[in-house]
Structure formats: C-alpha cells, structure tokens
Amino acid sequence: MIEVQNLTKRFGDTAAVDDVTFTVRPGVVTGFLGPNGAGKTTTLRAVVGLDRPTSGTTTVNGTRLQQHAAPLRELGVLLDAGNLQPGRSARAHLSAIAATHGIGRRRVDEVLELAGIQEVARRRAGKFSLGMRQRLGIAAALLGDPQTVVLDEPINGLDPDGVIWVRNLLKQLASEGRTVFLSSHLMTEMSLTADHLIVIGRGRLIADAPLADIMAATDQSRVAVRTPHASALTAALLAHGVTVTAVTTDRLEVSGMDAPAIADVAARIGARVHALTTHATSLEDAYLSLTESSVQYRASAPTTS
Ligand SMILES: Nc1ncnc2c1ncn2[C@@H]1O[C@H](COP(=O)(O)OP(=O)(O)OP(=O)(O)O)[C@@H](O)[C@H]1O
C-alpha cells in the first residue's frame, strides 16, 4: 500500500505537486496519468524517497520508506531505466544491487529469467537497446520480491512482446496481493492494464476512481453512419434531440443515440443505411475530457490553407 497525504513539493515559486492525497491499494493495478508537467515524476520521486516533500507525507506499506530496514524488500522501483553503469554486465548490475540487501545469486538468476534477459546476462548493459534496459530495470525492481512496485513508464521502448509481458506481469503481481503503481502516457495500454486510475493535472488531484467509473462518466461513444439519404436522416435524428455531424455528403457522426435506435429511425423514414459503426469511448477520450483545463503545454491546432 502507498499512502500519499497532503503532499506538496515546490521548486522555487512552482508548486510541482500541490496538496495531493491518495492511496494506492494492494491487489489491483493502479495507473498514474497526467499531462506533461502535471507532477507525476515529482510525486513518484517523493514516494520512493528520492525527494523530500515541502510538506505532507508518503508511506509505503504503512511506514516511511526511510524507516524500512530493507527497502528493496518493501518497494521495487523503476524510475529511469537508463540509470546504470554501461560497462557492467546485466548480471553484475543486478548482483551489485542484490549485495546491498544480502540477496543471493539464485534470486538474481530468477529475475533475469523472469525478465527474459538471461541469454544476454553477460553482455554489457551499455550495449542494451532501450527495451532490454527496461527489462533489466524491471528485473532490478523485482529483486527484493517486494510487496509494492512503482514503475515510471515501464513499457517505453518495448516491442509488442515486451508490452504484453509487462501487462501480464503487472496483473500477476497484483493478483498475488501486491501493490502495483505505474505511470504511462500510452492510453490504450493503460486501459488494458490498470484497474484503477489516479489522474493529476497542474500538481492537483483530478480523479481517483476505478477505470470503469472514469470511462462511464465520460460517455462520448458515437456512431458513424453511411447513408445515401444523409439530409433526410439528419433531420429525423435532430428531431430526437441527438447531435449529428455531417462528415461527408454520405457520412454522419451521431452521438446521443445507439446504433439500433438510429437504424429504427432510418427504417421509419425509409432512409437506406449502408453502414453503422459504433465507436466506444476510449480512455483517451475520457482522459482528455478530464484533463482539458489542466493541460499546460498544448500544441495549437494545425491551420489549413
Ligand atoms: N528539479 C526541478 N527543479 C525545478 N522544477 C522542477 C524540477 N522537477 C520538476 N520540476 C517542475 O515541476 C513540474 C512537474 O514536473 P514533473 O516532472 O513532476 O511532471 P510529470 O507529470 O512527470 O511530467 P512528464 O509527463 O512530462 O514527465 C514541472 O513544471 C517541472 O518543470
């Protein structure tokens, strides 16, 4: 369990994190989302003891991290996969970390195998691809068989196999009753992996809820309609109070009514329909609507000439 209580972290005049309180519970995968500069890394650095908060507290498994006798056994961390000595082999890297906690060679072999890098264990980590470094970083995070894991962007640079591996690994860790907290900018992957989401923007908490609730609260599902009778169907649909957008002369986008109901309206007025395609709300839609007012760095829309 991770408990963040009234966490504030200032850098000069900037409040990178501003009075944030949340709990990350065991047994589920919790995703941490927010626009660039929202304060995610600052929060994670405070949680893992790398930064001292300006005010507020963070605890891991009920205790301040500094007070744990063997922190690696409590908390596994992946914050910066590039942070390793390039001349060392993967095995030497893990062995050096293991030695600080009296963790034996057998566990080093176990995590090398778990991360799928035992074949390259003797190669210099400096020669590793980003994906292999990520795997090595995750192996290091799991060395102490920790009850809680914190991973910042763990799927960066991974190939599709690697992405699926991380997804299954995190779900497995959660199903064993561990606390799993990860940040990622990759919405589709987050929606496939996380059960619960914590969202921050401009240093403040925006949402702390199950993924399903966040998706349900932003029902932006829409139906694409292909019809040679677009104007007659538009008029009939508008009479039902739904929103209709003409995409091309024979394509409409409808929100506020599901596909069967649209088909019924079309049948009643004798409008032929060639295709009806439902686009469900994506986590990206839900996320954008949640963070709309808290995006600090938004690119302006491209202009068309
Ligand atoms: N060491 C630092 N010194 C000064 N300002 C900092 C420092 N670290 C972070 N900040 C500022 O704090 C704010 C939050 O940054 P943070 O890196 O925590 O955001 P983030 O959500 O992790 O962003 P990203 O998604 O881009 O990684 C930003 O305005 C950033 O410029």
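Let's start with the ligand shell: by class, three of its residues are nonpolar, seven polar and one charged. Here Ala, Val, Leu, Ile, Met, Phe, Trp, Tyr, Cys and Pro count as nonpolar, Asp, Glu, Lys and Arg as charged, and the others, Gly among them, as polar. One caution: this is a predicted model, where local features need pLDDT of at least 70, side-chain atom pairs count only at pLDDT 80 or more, and totals for chains, interfaces and linings use all residues. Numbering runs from 1 along each chain as its sequence is written.

Who is around the ligand? Phe11, Thr14, Ala16, Gly34 and Lys40 are among the residues there; the cut-off is a C-beta atom, placed from the backbone, within 6 Å. Strand S2 (14-24) and helix H1 (40-47) each supply at least two shell residues. H1 gives the largest share, three residues. Helices (H or I, at least four residues) and strands (E, at least two) are DSSP runs, numbered from the N terminus.

Now strand S8, residues 196-201. Six of its six residues are buried, meaning 20 or more other C-beta atoms lie within 10 Å of a residue's own, with C-beta atoms placed from the backbone. His196, Ile198 and Ile200 point one way, and Leu197, Val199 and Gly201 the other.

What are its partners? Strand S3 (residues 29-33) runs parallel to S8, joined by four bridges; pairing takes at least two DSSP bridges. Phe32 stands opposite Ile198. Strand S9 (residues 204-210) pairs with S8 in the antiparallel sense over six bridges. There, Val199 has Ala207 as its bridge partner. S8 and S9 make a hairpin with two residues between them. Arg202 in that turn has a positive phi of about 45°.

Key:
A residue is buried if 20 or more other C-beta atoms lie within 10 Å of its own, exposed if 12 or fewer, and partly exposed in between; C-beta atoms are placed from the backbone.
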